[in-house]
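I opened the notebook to look up how charged side chains pair in this chain and how far the solvent reaches them.

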Amino acid sequence: MLDLSKLVIETPSWGYADSGTRFGVFPQPGRPRDTFEKLDDAAEVHRLTGTAPKVALHFPWDAVDDYDELRGAIESRGLQVGAVNPNLFQDPDYKLGSVTHPDPAVREKAVAHMLECVDIATALGASAQSLWLADGTNYPGQDDLRERRRRMLDCLGRVYEAMPAEQELLVEYKFFEPAFYATDLADWGSSLLTCLKLGERAKVLVDLGHHAQGTNIEQIVAFLADEGRLGGFHFNNRKYADDDLIVGSVNPFELFLIFVELTASDELPRLTIDQSHNVEAKVEAMTLSVVNLQEAYAKALLVDRAALTECQRAADVLGGHEVLLDAFNTDVRPACAEARVAVGGAENPIRALRESGYAARMASERETEQELTR
């Protein structure tokens with residue numbers, strides 16, 4: 001039986017709430033009304049899959065009055081807290097940036113929020129701060145690009161120094177949107193340079209939707225892992241830009257190749273789902289993403305590494321490719337089903353979810369006029 005025990009997936013609290021497009025938010029029946037109901041949904045996904053015991057939180061979206069109570073609620077559901085994500089993009093003050101903003105008062109506001117998130121992470125027992133900046137410029141001459149980087153390094157350096165030793169800072173990047181001329185953290189190189197400036201506990205976080213078309217993400221994985229600076233992933237899938245589709249729904253071969261590189265290391269980095277379901281049911285979509293991750297991981301474990309190395313050393317161009325294809329084309333669904341059942345999960349999580357009536361119960365129990373902001 002395949003051993004999937006090393007695969008630990010974080011599901012995102014924000015992935016269970018209402019979402020949509022820049023044109024509007026689409027409410028769904030049974031959407032969680034607060035953080036605690038998001039935890040219920042995350043616990044259901046873990047119950048079905050056996051591989052999603054952590055939940056990543058986003059603040060202030062998940063803010064509560066009592067973080068000891070929140071920690072107890074997480075643990076009582078058989079979950080653990082994942083990374084803590086500060087919000088530095090939604091407040092109107094951040095229109096021209098947060099930690100890169102020309103106004104020192106705005107930068108201080110951003111730093112204060114990140115320090116607040118450090119305290120929240122400490123209270124919850126989280127081991128990572130996961131940072132994505134929307135900072136950038138839309139026009140040449142709008143701001144001094146070098147000065148913006150200096151401002152960012154100053155702010156992040158202060159936060160890094162305040163973090164306890166058990167916490168890491170995961171620095172995410174995105175090559176465009178919402179900034180269209182210059183994004184302050186545009187690629188893995190700019191993120192890595194930032195991490196090298198900050199210290200050993202600063203690592204790069206890769207989001208699969210945050211690259212130009214055709215970018216070889218598995219090569220980025222190899223380079224960052226080799227440098228010991230691969231902090232984690234935000235898994236999703238895309239067809240055009242940052243589509244945030246179900247993991248493995250568009251390009252399953254790319255997902256497999258990424259796991260081939262991930263499993264070449266002794267340990268897996270932090271693996272988090274970050275997707276925004278526009279029209280599909282939330283819990284079902286999250287469950288399917290976890291299943292797709294399990295199958296990609298299982299296929300990567302089947303790669304005959306010795307044969308692959310032999311082909312590479314012999315300059316057998318297609319031989320190495322065929323070794324990978326042999327693993328990718330293997331039907332691992334029965335083995336993954338057996339592995340899930342062995343840890344108390346469902347043989348067929350999607351079918352089990354539908355037959356359980358969970359979605360209908362939540363739609364009835366959570367019926368309310370209250371609207372979530374996300």
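I count a residue as buried under 20% relative accessible area, as exposed over 50% and as partly exposed in between (1.4 Å probe, protein chains only). The model is predicted, so that local features need pLDDT of at least 70 and side-chain atom pairs pLDDT 80 or more, while totals for chains, interfaces and linings use all residues. Residues are numbered from 1 along each chain as its sequence is written, and side-chain values use heavy atoms, with hydrogens and water left out.

Entry, salt bridges. I took a salt bridge as a side-chain nitrogen of Lys or Arg within 4 Å of a carboxyl oxygen of Asp or Glu, and the search of the whole structure gave 23 of them.

Entry, Asp 41. I found its side chain in a salt bridge with Arg 366, at 3.0 Å from N to O. Asp 41 lies in helix α1 (residues 35-49) and Arg 366 in the segment after α13 (358-365), so the pair ties together parts 325 residues apart in sequence. Asp 41 is buried at 2% relative accessibility, and Arg 366 is buried at 4%.

Entry, Lys 109. I noted a salt bridge to Asp 91, with the closest N and O atoms 2.9 Å apart, and another to Asp 93, at 2.8 Å. Asp 93 lies in the loop between β5 and α3 and Lys 109 in helix α3, so this pair joins parts 16 residues apart in sequence. Lys 109 is partly exposed at 31%, as are Asp 91 at 29% and Asp 93 at 37%.

Entry, network. I also recorded that salt bridges link Asp 143, Glu 147, Arg 148, Arg 150, Arg 151 and Asp 184 in a network.

Definitions and conventions. Helix = DSSP H or I, 4+ residues; strand = E, 2+ residues; numbered from the N terminus.
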